[in-house]
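Thanks for coming. I have one model to show today, and I will keep it brief.

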Amino acid sequence: MEGIKIAELLSKKNLNKSHFIYGWIKTFRGNRFISINDGSTSQNLQCVIEYEKINESLLKKINTGASISIYGELIESQGKGQKFEIKVKELKIIGESDPDNYPIQPKKHSLEFLREKAHLRIRTSTFSSVMRIRSALSFAIHEFFQKKKFFYINTPIITGSDAEGAGEMFRVSTLDPTSPILDEKNQIDFSKDFFGKETNLTVSGQLEAEAYALGLGEVYTFGPTFRAENSNTSRHLSEFWMIEPEMAFYNLEKNMDLAEEFIISILNKILKNCSDDLSFLNERQIKEDKNKPLQERSPMNLIEKLNFVVKNKFKRLNYSEAFNILKNCSKNKKNKFKFKVENWGMDFQSEHERFLVEKHFKCPVIVFDYPVEIKAFYMRLNDDKKTVGAMDILFPGIGEIVGGSQREERLDILQKRMKELKIEEKELWWYLELRKFGSVPHSGFGLGFERLVQFATGMSNIRDVIPFPRTPQNANF
């Protein structure tokens, strides 16, 4: 029999009607009260049985973690803690659970413990809320760009180019690692490899997206990217998803306009459509903060933080203006920053970015026109020859969340920049050709999806906003 989702069931229109529901047992108490959840909502559903009508052998199978089907009438609850409950008429065990070994018990588990049980942690209220919000954000991203008439393209996961120039990439090879073929210089001969050259997992789809923007006008990618950075922080993953739009005939200002509109739009979507999950995670964060030292507590709760972004106009200022504010602020003069702000040209750290957002301007901030030395080769050189047309969007609690730029469309300047950074032209011959045949001003930006989900859910560790995290020494699932 087809069932009804609990999220749909919990409304007055279904009162005093009988329904089939399916789900997993969260708790079973007093041989009468079963709490179940089917993943559709943060709210568990209480089901009340008359145990004398259920034989003892079935009663023994009603354990935490078991999957069940229930047929019963939705009624207003007489007890506290829920508005509605199901008066059980019929109950079946679909999949049994061993109560002595099921790891997700009805008690508080640490996030570290749950990472070791990544295949089962989705059964918890916290992770099911996070993943429903992740799903809603993903849909909102596609919806935003599709309404703007952008074209969705899939860029390669395997690539022969390094978009960031960082060199921290995962190699893709079919050569025998114990006895690779060597060339006359005693180097690995990648011409004998599967693709006939050295290839890696991509760090970005940007370069290929640029090629398609210079034919389709406005495009976006949304796919997996990989970085072989040996980092075990709460902010880094080895495999993560990126949203990367690229737009022909866009200058830096139009790029910033789009990025601001985009991020406000998708956050407004979850505020509207994910209120139950956000409320649950908001309460979770408030409780977590109470157990932290005062200086480590969040200045805003989750919902306040989201509203801080969507209800405030973003402040825009160039790097030099931001640098002067940071250098001359009392926090810097009193050496309260971990990284002192001294020399123009330094790369801002998260603590500096958060100070601009949370303390100085008290709104989201876009910093643009960064020093050329700290930005990528493809960013457009400004007339001052010292800065490039780059921009970063800064958020409370996290710092940089979006990075973008106007791309360098002038062949001679791009070639010069690549030479300065020792980037081989032969590896990016096709990227250079885009500047030979109908080059135009164009721009784009990148948004790490997991960092966005982390911001939108209030989770402190990025490993807890992706189903199966990939990090150094960790690929267990």
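This is a predicted model: local features need pLDDT of at least 70, side-chain atom pairs count only at pLDDT 80 or more; totals for chains, interfaces and linings use all residues.

Numbering starts from 1 along each chain as its sequence is written, and side-chain values use heavy atoms, with hydrogens and water left out.

Strand β3, residues 45-48, and strand β5, residues 84-95, pair in the parallel sense over three bridges. Q46 has E85 in β5 as its bridge partner.

Next, the cores. A nonpolar core is a set of buried Ala, Val, Leu, Ile, Met, Phe, Trp, Tyr and Cys residues joined through side-chain atoms within 4.5 Å; buried means under 20% relative accessible area, with a 1.4 Å probe and protein chains only. The largest has 94 residues, and L267, V367, M391 and F395 have the most contacts inside it. A second, separate core has 24 residues, including L15, L74, V88 and I93.

Last, N382, in the loop between β13 (365-371) and β14 (387-395). Is N382 buried or exposed? It is buried, at 18% relative accessible area. Its side chain makes a polar contact (N or O atoms within 3.5 Å, one able to donate a hydrogen and the other to accept it; residues adjacent in sequence count only if both atoms are side-chain atoms) with the side chain of T387, at 2.8 Å. A polar atom of the N382 side chain also lies 3.4 Å from the backbone oxygen of V388.

Methods:
Two strands pair if DSSP finds at least two bridges between them. Helices (H or I, at least four residues) and strands (E, at least two) are DSSP runs, numbered from the N terminus. Buried means under 20% relative accessible area, exposed over 50%, partly exposed in between (1.4 Å probe, protein chains only).
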